[in-house]
Every structure is written in C-alpha cells, then in structure tokens.
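Thanks for making time this morning; I would like to walk through one structure with you, going from a helix to some strands and then to the charged side chains. Please have the model open while I talk.

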Amino acid sequence: MAVPVETFFLDPDAQGTLQAQIQQMIAEAILSGRLPRGEKLPSTRALAKHLGVSRITVTLSYTELQASDYLTSKGRSGFYVSENAPEPPSFQPRSRMEDKVDWNRAIGNSFGESNTPQKPQNWRQHRYPFTYGQSDETLFDHNSWRLCALKALGQKDHDAMVRDYYDQDDPELVEFIARHILPRRGILARPEEILITLGAQNALWLSAQILLTQRRTAAIEDPCYYSLRDILTQSRCHLAHVPVDSEGLPPENLPDGTDVIFTTPSHQSPTTATMPLERRKRLLERARELDALVVEDDYDFEMSFLQPPSPALKSLDKEGRVIYVGSFSKSLFPGLRLGYLVGSEPFIREARALRSTVLRHPPGLIQRSVAYFLSLGHYDALIRRIGNAYEKRRKVMETAIDDYGLTISGRGVFGGSAFWMEAPEAIDTTVLANALKDQSVLIEPGKPFFSGQNRPQHFYRLAYSSIPADRIPEGISRVATGIQKYGNW
C-alpha cells in the first residue's frame, strides 16, 4: 500500500520550479525518516491530482530522485524509496515554525511538575527486575484471552463493540462484578452503584474531583501511593499526611476537619501493612465522628494466597460512607487499564456524569472481552495460577533476603506481590537503584512514597511479580552487594 497522498503538501512560500519543489518535498520526507526504505510512493497520477500540477511534472520529479538513488521503480508497480536512500536513526520532522508563545504565561494549570518517578520502560531487558506492577507474560493465559477477544468481536456482540454507551457501561461486565467479584469482598451492590473506570487511578481521580474543593481537607497515608498524592495536589484541596504504623492508618491520628480519608486498609501502599478488623471498625467510627467519607483502594486483594483476606472496609460500612476502588490491571495486565468504583447511587451518578464529559466510557470491546474472560472462568484460573507462582517466589525471596542479611520492613499478611525493605539510614536508595541498573537489577526507591521536606531515603520496594523464582537469589545477592559497597563504586 502506498503512502497516503494526503500526507504530501507543497510549501506555499517555497522557491523554485514546481518540479524542484516536489523533489525537495520527497527528499525531505526521506531524510527526516518519514518515508523509510522500501516505502511505496503515491502514483504520479494521484500525486499530481492532489497537488494540482501536471502529471509530467511529478513524473520528472520522480525520475530525478531515481537518478539520485533516492527512489527506485519496479516496473508497473510504481516508485519506491530506494534501499540505498539515507535512513536516519529516528523520525524527527523538521519544524516549520518558530514557537513564539510564552508557555509559562499561557499555561493556566500545570500538571507536569510532580515527584512521580518514571518506571523504566525497558524493564524486561534487565535480568533481575524487582519491579512492582508489571505482569509476567509466562503466567498469563494468552490463548483464552485471544478467544474471549475474538468472541467479543463476533457478530453477536457487534452492538456491544460499536455502540456509544454515553455514560453507561457494558451490562454483562457490571453484572459479573456485582454478582461474583464484590461478594468475595463482602460487598453487595446494585448496578446503579457500580461504575467502570480506566483503572484504579482514574477511579481515584474521579473521586477527588467530585468530593474535594479548595476548602476541603483530604487525609492520606504517609507513605502512600505517590500518584494519589499528585491527584490530590492537583485538586488544590488541603492535605493532611497521617503516618502509618505496622497496622496501617491510625484512626485516632486523623485531624479534626477531615472531609475525605484515602486509605489502603487491606494492603497498605507501599508498606503492605494489613489493617486489623478492630482498627477498621474504629476507622469507620472516626469517619462518623468527622462526618467524613472514606475512599478505599483495595488493590492487590486477589493476591491473597497465604490466607483469605480480611473483609473490605466497604463491607463493614452501614452508612454509605465508603467508596470502594477496584482494578483488573494488577490481576490481568497493567495495559488493560480497567477498574471500577462502588459507592452510593448519588455519588456514582455524579461520577458517571463527570466521566462522560471527559472520556464518555471505557471502550466497549475491552469491557466485553473482560466480561467473557471473567464469566467463562478464565479469570479465576489465572488468579490461582498467579497465586501459586507468587507463593513460591515469595518463599524463595524470603530465604534469600534472610541469607544475605537484608531487612524487611513490611510484608503483607495475606500475600501480595512485593516486600517493603529498609536499608541502613545512610543509604540513599535512589543512588543505590541507579548503581544496580548496571548490574541488570531493578529496585524501586522508597523516597517518592513519602511526603514532606525531610523524606526518608533508605526504604525501597522489591517486587516478585515479574521475576522468575530461579533468578531471585542472584538478584538479592546483587542488591546486598550493592548495599555493602555503597559509596565505593
């Protein structure tokens, strides 16, 4: 297939003959990398009609470029970019304008300034990736997912794929969440109380936009999920940072005047602390005293392979104060970007209206594919397979950590996919992480999770979701060696 003729334009300010201008236009496209070697060009007739010039002008331009070895012809097939043409390493289009806008003044709200770390995109190229939130493709059921996606593409589900849901969701996915996912957490909800989101982060953003104003106060855990802190900072609400302990968020430390409490009771992020049942009840009592709402992020609950998880905070809520956030991104794969909100109908109604103005709804094809994957039993089978693999990896990692004298600061009671680690206080784990990259080891520094000016720098997270069990001991050995040699690299 030839390059679309609509991508070619003559510069109205260009000098020289039309033939020369066409030659320059095509040569620049090749030199910039927009037209790679072997790419087929539009026919002389099509390009001439598009540019409003004679066909002979285009033919002569092509012929000159062929003589310069930029193009080659293949009989009646047409003209192609020559295999001998220059090929730059990457496509970098030439700017045709001088940007004279003062963007510091023009940008009214800035969202790019945050402490959120950028996780390496090339993590698979490292042999010892203790990276959190990445999936192991060897555990995923590719065949079943492919079959479910193909089923969702079938004629029977054509309407579910192509329709504009506006502010609604795939009823089959919502029904499965209501009947099979939420009851496992002790939650009963009607379809009107469930909203599909683009992952847990989107759910947290919707909650913050609806519940918070510049006059309201949100309480968050310290340390906490750093993207949540960014979301709340952008909402311009007042922030109260409440340090967590070995049992998670202490309810008695929530300050007066708190309007919304953001918490991860089942698997505190990032310390992995599990909030006991009695503390959960006290948290709800404290929320009642404050007349506050609670946003419960129940990430990673599926990875409870050691023992059944505690009931969700939402299951203990008798007053509608708790808004529940769930996600399939950890259990299926991060790129899925599909989660859900559960709350009282008035809240979900507002969340639905806000979502519709921003992105209308998550793609119907993805929703229906997930609905099939869940309803046909593939999801439960995947969770069991992942749980078995994680349990084995966890045991191997605990043994290796003990053998090499590293310190675990927090480990999930029910399972999970990571350990919260503590290095000697003199060690900056950001520096350590950069040094370990040269050893093909990836760890996650803990500093970005904390708030304030004097943030602890000696914590770090080691995940076992994406590293095979047989590589864990050597990876832990390299981490231990890096700590021992800290400052002497």
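Predicted model: local features only at pLDDT ≥ 70, side-chain atom pairs only at ≥ 80, totals over all residues.

**Helix α2 and its two sides**

Let me begin with the outward side of helix α2, where Arg45 and Lys49 are exposed, exposed meaning over 50% relative accessible area, buried under 20%, and partly exposed in between, with a 1.4 Å probe and protein chains only. Residues are numbered from 1 along each chain as its sequence is written, and side-chain values use heavy atoms, with hydrogens and water left out. Helices (H or I, at least four residues) and strands (E, at least two) are DSSP runs, numbered from the N terminus.

Which residues of α2 are buried? In this helix, residues 44–51, they are Thr44, Leu47, Ala48 and Leu51. They lie on the same side of α2 because they cover an arc of only 100° around the axis, the arc being that of the directions from the helix axis to the C-beta atoms. In general, an α-helix has 3.6 residues a turn, so residues three or four places apart point the same way. The cover over the buried residues of α2 includes α1 (18–31), α3 (55–67) and β2 (79–81), with contact meaning heavy atoms within 4.5 Å. After α2 comes glycine 52, which has a positive phi, near 75°.

Now to the strands, where two strands pair if DSSP finds at least two bridges between them. Strand β5 (residues 217–222) is largely enclosed by the rest of the structure, since six of its six residues are buried. With strand β6 (residues 238–243), β5 pairs in the parallel sense over six bridges, and aspartate 222 has proline 243 in β6 as its bridge partner.

Strand β10 (residues 339–342) is covered on both faces, with Gly339 and Leu341 buried on one side and Tyr340 and Val342 buried on the other. Strand β4 (residues 194–197) pairs with β10 in the antiparallel sense over four bridges, and threonine 197 stands opposite glycine 339. Strand β9 (residues 322–327) also runs antiparallel to β10, joined to it by four bridges, and here serine 327 has glycine 339 as its bridge partner.

That brings me to the charges. If a salt bridge is a side-chain nitrogen of Lys or Arg within 4 Å of a carboxyl oxygen of Asp or Glu, the count comes to 26 salt bridges. One of them joins glutamate 175 and arginine 179, at 3.4 Å from N to O; both residues lie in helix α7 (residues 171–181), four residues apart, about one turn of the helix. Glutamate 175 is partly exposed, at 36% relative accessible area, whereas arginine 179 is exposed, at 59%.

Another salt bridge links arginine 288 to glutamate 319, with the closest N and O atoms 2.8 Å apart. Because arginine 288 lies in helix α10 (residues 277–290) and glutamate 319 in the loop between α11 (313–316) and β9, the pair ties together parts that are 31 residues apart in sequence. Arginine 288 is partly exposed at 41% relative accessibility, and glutamate 319 is partly exposed at 42%.
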